[in-house]
Amino acid sequence: MRRKISKCCSPSCFQANRKEWIIVNVQINKEECIGCGLCAETCPEVFRLTDEGHAEVYADPSPETEGSVREAADSCPVSVIEVEE
Ligand code: SF4
């Protein structure tokens, strides 16, 4: 006997199980970056420091890194990480 599985429509359940990601682009204004390294520490999957002493985005954000990308952008001391949605 088959049971019909109904979808949960609770907003909190939807958020917890959300697979899509909202960030479509993340950029750094390299000329304004002071090279503190905080973004690379916060989200090493997306940000890294270059030999020139500033940060760069070397990988696209994913659903798994979305939260830490936002945290890095919010924590940047000179606010040069731009997150587009
Ligand atoms: S947190 Fe901001 S200032 Fe620091 S390295 Fe990253 S982009 Fe540059």
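## Close-up views of a predicted chain

**Contacts of A72.** Apart from residues up to four places away in sequence, A72 touches L38, C39, T42, C43, F47 and I81; two residues are in contact when their C-beta atoms, placed from the backbone, lie within 7 Å. The model is predicted: local features need pLDDT of at least 70 and side-chain atom pairs count only at pLDDT 80 or more, whereas totals for chains, interfaces and linings use all residues. Residues are numbered from 1 along each chain as its sequence is written.

**Overview of the chain and its confidence.** The chain has 3 helices and 4 strands, which are DSSP runs numbered from the N terminus (helices: H or I, at least four residues; strands: E, at least two). From the N terminus on, their order is α-β-α-β-β-α-β. Of the contacts between residues at least 6 apart in sequence, 60% join residues at least 24 apart. The average pLDDT of the chain is 83, and 75% of the residues score at least 70; pLDDT is the predictor's confidence in each residue, on a scale from 0 to 100. Over residues 1-16, pLDDT stays under 50, and the model has 1 contact beyond four places in sequence for this segment. Where pLDDT is low, the predicted coordinates should not be read in detail.

**The buried face of helix 3.** V69, A72 and A73 are the buried residues of helix 3; a residue is buried if 20 or more other C-beta atoms lie within 10 Å of its own, exposed if 12 or fewer, and partly exposed in between, with C-beta atoms placed from the backbone. Viewed down the axis of helix 3, these residues fall within an arc of 100° and therefore line one face of the helix; the arc is that of the directions from the helix axis to the C-beta atoms. The partners against which they pack are strand 1 (25-28), helix 2, strand 2 (47-49) and strand 4.

**The largest nonpolar core.** This core has 12 residues, namely V26, C33, C39, C43, V46, F47, A55, V69, A72, A73, C76 and I81. Helix 3 supplies the largest share of the core, 3 residues. A nonpolar core is a set of buried Ala, Val, Leu, Ile, Met, Phe, Trp, Tyr and Cys residues joined through C-beta atoms within 7 Å. In the chain as a whole, buried residues make up 16% of the 85 residues.

**Surroundings of the ligand.** The ligand is surrounded by 15 residues, and the closest are C33, C36, C39, A55 and C76; a residue belongs to these surroundings if its C-beta atom, placed from the backbone, lies within 6 Å of the molecule. The shell divides into 12 nonpolar, 3 polar and no charged residues. Here Ala, Val, Leu, Ile, Met, Phe, Trp, Tyr, Cys and Pro count as nonpolar, Asp, Glu, Lys and Arg as charged, and the others, Gly among them, as polar.

**Helix 2 at L38 and T42.** L38 is found in helix 2, and T42 lies in helix 2 (residues 38-42) as well. L38 counts as partly exposed because it has 17 C-beta neighbours inside 10 Å. Beyond four places in sequence, the contacts of L38 are A72, S75 and C76. The C-alpha atoms of L38 and P77 are separated by 8.6 Å, although the two residues are 39 residues apart along the chain. T42, with 19 other C-beta atoms within 10 Å, is partly exposed. S68, E71, A72 and S75 are in contact with T42, neighbours within four places in sequence being left aside. From T42 to V69 the C-alpha distance is 7.7 Å, across a sequence separation of 27 residues.

**V57 in strand 3.** V57 is found in strand 3 (residues 55-57) and is partly exposed, with 18 other C-beta atoms within 10 Å. Its contacts beyond four places in sequence are V26, Q27, I28, V46 and F47. C-alpha to C-alpha, V57 and V46 are 5.7 Å apart, and in sequence they are 11 residues apart.

I22 is placed in the loop between helix 1 (11-16) and strand 1, and 12 other C-beta atoms within 10 Å make I22 exposed. I22 is in contact with E66 and E85, leaving aside neighbours within four places in sequence. The C-alpha atoms of I22 and E84 are 8.7 Å apart in space, the residues being 62 residues apart in sequence. S79 lies in the loop between helix 3 (66-75) and strand 4 (81-84). S79 counts as exposed because it has 11 C-beta neighbours inside 10 Å. Although S79 is not a glycine, its phi is positive, at about 50°.
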